[in-house]
Amino acid sequence: MKKGQTEIIGFMVIILLLFFGLVFYFRFASNSDSDLTGEAELNLEVSNLLNVIKKQTICDDESLGDVIKACASDGFACGENACDVVEREIAEIIYLNGWEEDEYMFYIGEELYSPSTCTGNTIADDYIVEGIDVRLIICY
Amino acid sequence: MVGLGFFFKFQLSSIEEKADTSCLLSNTVMLSSITSMPEIQCSVNANREDCIDTSKLLVFDASRIYQEFFNTNCDQKVYFVELYPSVTNGTCTQSTYPDCSYYYFFENEVDYTSKVIISTPVSLYYPLDESYKFGKLVIEVLQ
């Protein structure tokens with residue numbers, strides 16, 4: 001084989017490597033787009049779930065938002081300790097939404113009202129009631 | 001030839017992937033826009049609230065007014081389901097309301113091989129006893 005032919009083959013190999021490199025680049029670039037969609041959906045889900053929690057009717061015209069407010073001031077609601085109601089009802093709603101108990105944290109101020117803490121990437125939403133921050137955090 | 005073959009194969013799968021992503025993205029946006037539709041959203045003294053009024057949901061026919069809105073990108077089935085504290089499973093009609101769970105909102109009569117389900121939590125309002133219940137807006141993206 002002549003020297004010129006070897007050089008052409010070498011050049012073709014380089015072109016092919018560049019081509020495959022570009023193909024792989026575009027494949028990974030499109031994957032990052034779909035992650036963004038997932039995060040947008042999760043953001044919406046956390047925000048809407050906190051709204052559901054605030055409004056949920058628990059007993060005789062009392063909403064879970066009212067019970068959370070009572071819990072923040074160590075009060076009673078629905079005939080029992082308000083914080084017990086908060087912990088139980090939040091766990092039920094989170095479970096029915098399809099999340100495990102180690103995938104969320106619910107805080108009223110600095111006090112945790114979920115079975116465990118979670119780690120990893122998080123998405124959170126919150127609102128203020130009587131100067132106390134109520135926060136829902138989802139780990140994924 | 002082999003290079004071109006690979007190029008077109010990757011290009012085709014990339015276009016198909018992008019179409020699916022675009023469809024999913026538009027339906028994710030739809031999750032948010034449906035819950036803000038004035039025809040079904042709760043309102044008190046003309047002020048909107050972040051919940052869905054089930055009495056409005058029961059009588060509103062989305063396929064008559066929003067046909068184009070739903071058919072822009074891909075086919076889907078849209079419904080609301082009450083999750084807590086639900087005790088019944090039936091479809092909601094004027095005769096079964098409020099002892100029911102499923103409010104069908106929009107449905108395309110198409111054949112499909114697979115579906116992707118996306119959903120978001122919503123607060124369902126029942127004006128009869130003025131209560132709010134936990135539900136979900138579900139979109140089944142048909143492919």
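Where in chain B is the place of A46(B)? A46(B) has its place in the loop between β1 (41-44) and β2 of chain B. This is a predicted model, in which local features need pLDDT of at least 70, side-chain atom pairs count only at pLDDT 80 or more, and totals for chains, interfaces and linings use all residues. Residues are numbered from 1 along each chain as its sequence is written, while chains are lettered from A and ligands numbered from 1 in the order in which they are written. Helices (H or I, at least four residues) and strands (E, at least two) are DSSP runs numbered from the N terminus.

**Chain B as a whole**

- Chain B holds four helices and six strands.
- Read from the N terminus, the elements of chain B follow the order α-β-β-α-α-α-β-β-β-β.
- The radius of gyration of chain B is 19 Å, well over the 15 Å that the globule rule gives for 143 residues, so chain B is more spread out than a compact globule. The radius is taken over C-alpha atoms, and the globule rule is 2.2 Å times the number of residues to the power 0.38.
- Along the principal axes, the C-alpha atoms of chain B fill a box of roughly 70 × 30 × 25 Å.
- Of the 143 residues in chain B, 28% are buried. A residue is buried if 20 or more other C-beta atoms lie within 10 Å of its own, exposed if 12 or fewer, and partly exposed in between, with C-beta atoms placed from the backbone.
- Two residues are in contact if their C-beta atoms, placed from the backbone, lie within 7 Å. Among contacts in chain B between residues at least 6 apart in sequence, 64% join residues at least 24 apart.

**Strand pairing in chain B**

- Strands of a sheet pair through backbone hydrogen bonds, either parallel or antiparallel. Here two strands count as paired if DSSP finds at least two bridges between them.
- Three bridges pair β1(B) with β2(B) in the antiparallel sense, and S43(B) stands opposite R48(B) in β2(B).
- The hairpin of β1(B) and β2(B) has two residues between the strands, and N45(B) takes a positive phi near 50 degrees there.
- Strand β2 (residues 47-53) of chain B also pairs with strand β5 (residues 115-126) of chain B, in the parallel sense over two bridges. I52(B) has L124(B) as its bridge partner in β5(B), and D53(B) has Y125(B).
- β5(B) pairs in turn with strand β6 (residues 131-142) of chain B, antiparallel and over 12 bridges. V116(B) is opposite V141(B) in β6(B).
- Four residues lie between the strands in the hairpin of β5(B) and β6(B), where E130(B) takes a positive phi near 50 degrees.

**The sheet in chain A**

- An open sheet of four strands in chain A has the order β6-β5-β8-β7, with antiparallel pairing.
- At its edges stand β6 (111-112) and β7 (122-129) of chain A, each with a single partner strand, so one side of each is left without a neighbour in the sheet.
- Strand β5 (residues 104-108) of chain A and β6(A) run antiparallel and are joined by two bridges. Y107(A) stands opposite L112(A) in β6(A).

**Backbone details in loops**

- The peptide bond between Y84(B) and P85(B) is cis, with omega about 5 degrees. P85(B) lies in the loop between β3 (75-84) and β4 (102-107) of chain B.
- A cis peptide bond also runs from Y97(B) to P98(B), with omega near 5 degrees. P98(B) is in the loop between β3 and β4 of chain B.
- A46(B) is a residue other than glycine with a positive phi, near 70 degrees. It counts as exposed, with 5 C-beta neighbours inside 10 Å.
- D60(A), in the loop between β1 (57-59) and β2 (62-63) of chain A, has a positive phi of about 35 degrees although it is not a glycine. D60(A) is exposed, with 7 other C-beta atoms within 10 Å.

**Where the chains meet**

- The contact takes 24 residues from chain A and 24 residues from chain B.
- On the side of chain A that touches chain B, the elements giving two or more residues are α1 (3-55) and α3 (82-96) of chain A. The largest share, 17 residues, comes from α1(A).
- The residues on this side of chain A divide into 10 nonpolar, nine polar and five charged. Ala, Val, Leu, Ile, Met, Phe, Trp, Tyr, Cys and Pro count as nonpolar, Asp, Glu, Lys and Arg as charged, and the others, Gly among them, as polar.
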